[in-house]
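Hi everyone, thanks for coming. Let me put the structure up, and then I'll walk you through a few spots in it.

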Amino acid sequence: MVVVIDKNATKQEIENIIEILHKNGFDVHRSTGVNQTVLGAIGVHPDFDTNTIRVLPGVAQVYRITEQYKLASRSFKRENTIINIADNITFGGKDVVIIAGPCSVENEEQMFKVAESVSSAGAVMLRGGAYKPRTSPYAFQGLGEEGLKIMRNTCDIFHLKMITEVMDISQIETILKYTDILQVGARNMQNFTLLRELGKIDKPVLLKRGISATTEELLMSAEYILSGGNKGVILCERGIRTFEKSTRNTMDLSAIPVIQQKSHLPIIADPSHAVGLRDKIIPMARAAIAAGADGLIVEVHPDPNNALSDGGQSLFPEQFNQLMQEIKIIVHAIGRDICKPAIQKKVQSI
Ligand code: PEP
Ligand code: MN
């Protein structure tokens, strides 16, 4: 149930409404927008008489949310959610945020090389896995905490923000020490115990769509994180499995406008895992931006042919540079901007 608060309601009236909702067994999530305060009352009470709340002083409107996801829905929050990562980096606003980097953190030299090339091309965040979900248990599983250290150091040197994957509850505490955003991979989209734990942290989470998940299921998973109190959820379309075999997955671009209608959460696109073929990444990156994605996450490697994971879908640095040039044209054509690197303060020499 959504309770829209009257513009002139007093603090005391709002507190009274919240108290009555609590007494009736609802959890209350408050959203204070520019024009309006809204209370999301979460609880399964099909017979609850909404007039109990409608008549209270300070209430403008009450309506039921019919979707199974509540906090993630546009019915609960009309304006886009804007997630701030740094002064210059926000997801969900006018800017389109570009994240690039290798599939896995392999060593310091690889990370320095990739960070240098992607930051000079205009990326503002570095991606890279230290804990890798691999289909085969014999494939490279990632460097663990050593990889996180290398990545944090690289990000600090090259003024990039960091995103890395969390696969299990036991890794959360360690990863939180290093990263700016935690990524939940496609294989873990419905790891509900992990999602619940991520609801308790105060860093944003990038939630990737599962390989066989519907957009509704993706939003239900986001709801797990939101209902724990973490409002920083960014969604990611990364391709789904279909009968088509010519690409690794099928990139469901229509999911972007579909989700933007259903939800206020930002959504970015991962063309790398969606198509899995290096020569198809740039066209699909362009298409995702044109479809309205709030950002891209792209795999780039200084030596893709010798990468320890996903080399075949990783761009050469020159290709990433080309991608950036091409998407800038589209970003501007649709009235948006590319998120720019932070202006570095020059060290004054005396
Ligand atoms: C990745 O980002 O390297 C990854 C494993 O992605 P996904 O979970 O989408 O397969
Ligand atoms: Mn990968």
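Let's start with two helices: the axes of α7 (residues 215–227) and α8 (residues 255–262) come within 11 Å and cross at roughly 50°. Axes here are lines fitted to C-alpha atoms, for helices over the stretch in contact, with angles from 0 to 180 degrees between N-to-C directions; helices are DSSP runs of H or I with at least four residues, strands are E runs of at least two, and both are numbered from the N terminus.

A word on the source: this is a predicted model, where local features need pLDDT of at least 70, side-chain atom pairs count only at pLDDT 80 or more, and totals for chains, interfaces and linings use all residues. Residues are numbered from 1 along each chain as written, chains are lettered from A and ligands numbered from 1 in written order, and side-chain values use heavy atoms, without hydrogens or water.

Which residues of α7 and α8 meet? T215, E216, L218 and L219 in α7 meet A255, V258, I259 and K262 in α8, with contact meaning heavy atoms within 4.5 Å.

With 1% relative accessibility, P266 counts as buried, that is, under 20% relative accessible area with a 1.4 Å probe and protein chains only; exposed is over 50%, partly exposed in between. Leaving out residues up to four places away in sequence, P266 touches T81, I83, F91, G92, V233, I234, L235 and D294. Its C-alpha is 8.1 Å from that of A293, 27 residues apart along the chain.

Finally, H273 and D310 are both buried.
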